[in-house]
Amino acid sequence: MTTRLEAGQAAPTFTLPDQDGNPVSLSDFAGKKVILYFYPAASTPGCTKQACDFRDSLALLAASGYVVLGVSKDAPSKLKKFEANESITFPLLSDPELTVHNVYATYGEKSMYGKTVMGVIRSTFVIDESGNIELPLYNVKATGHVASLKGKLGL
């Protein structure tokens with residue numbers, strides 16, 4: 001597994017397709033604060049809760065200068081259905097080869113129902129306007145994560 005990223009490191013750059021198949025690059029948001037979160041699978045209960053919490057907090061986050069990007073291994077077509085079903089109002093990025101997951105160390109061994117399995121490690125990264133990682137958060141819980149994150153950001 002790739003070494004976990006730490007605060008102060010440059011955020012690895014990437015370009016991935018969004019739910020509409022359009023390329024989205026981290027560099028598109030240069031000069032802005034980015035909340036980049038990785039989740040296991042669209043339309044599952046925990047991932048839906050987390051995405052809806054980000055959606056419901058988007059106005060506050062945007063007013064504070066943040067953009068939100070979600071990343072999963074789902075195909076754009078599945079992300080498009082997730083967007084429509086849950087009224088998601090931010091980009092959902094597709095990384096089926098796990099290229100970006102691996103660079104951000106968000107894919108690897110994790111404990112699930114008492115067993116060690118390989119999978120997506122639910123994680124969030126706050127990236128500053130200069131493109132550096134301000135806050136790396138690994139192994140976050142779906143429920144309550146957005147509220148906790150807002151607290152960490154002073155919002």
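A: The bend at a residue is the angle between axes fitted to the seven residues ending there and the seven starting there. Helices (H or I, at least four residues) and strands (E, at least two) are DSSP runs, numbered from the N terminus. The model is predicted, so local features need pLDDT of at least 70 and side-chain atom pairs count only at pLDDT 80 or more, while totals for chains, interfaces and linings use all residues. Residues are numbered from 1 along each chain as its sequence is written, and side-chain values use heavy atoms, with hydrogens and water left out.

The part examined is helix 1, residues 45-63. A bend of about 55 degrees occurs in helix 1 at Ser57. The expected span of a helix is 1.5 Å times one less than its number of residues. Just after helix 1, Gly65 has a positive phi of about 90 degrees.

Ser57 is also one of the buried residues of helix 1, together with Cys47, Thr48, Gln50, Ala51, Cys52, Asp53, Phe54, Leu58 and Leu61; buried means under 20% relative accessible area, exposed over 50%, and partly exposed in between (1.4 Å probe, protein chains only). Their cover includes strand 3 (33-38), strand 4 (66-72), helix 2 (76-86), strand 8 (123-127) and helix 4 (145-152).

Two packed helices are described by the angle between their axes and the distance between the axes. The axes of helix 1 and helix 4 come within 9 Å and cross at roughly 35 degrees; axes are lines fitted to C-alpha atoms, for helices over the stretch in contact, and angles run from 0 to 180 degrees between N-to-C directions. Here Gln50, Asp53, Phe54, Ser57, Leu60 and Leu61 of helix 1 meet His145, Val146, Leu149 and Lys150 of helix 4, where contact means heavy atoms within 4.5 Å.

A nonpolar core is a set of buried Ala, Val, Leu, Ile, Met, Phe, Trp, Tyr and Cys residues joined through side-chain atoms within 4.5 Å. The largest such core has 22 residues, and Phe54 is among those with the most contacts inside it, as are Ile35, Tyr37, Tyr39, Val68, Phe90 and Leu92. Helix 1 supplies the largest share of this core, 5 residues. Leaving aside residues up to four places away in sequence, Val68 touches Phe54, Leu58 and Leu61, and also Ile35, Tyr37, Phe90 and Pro91.
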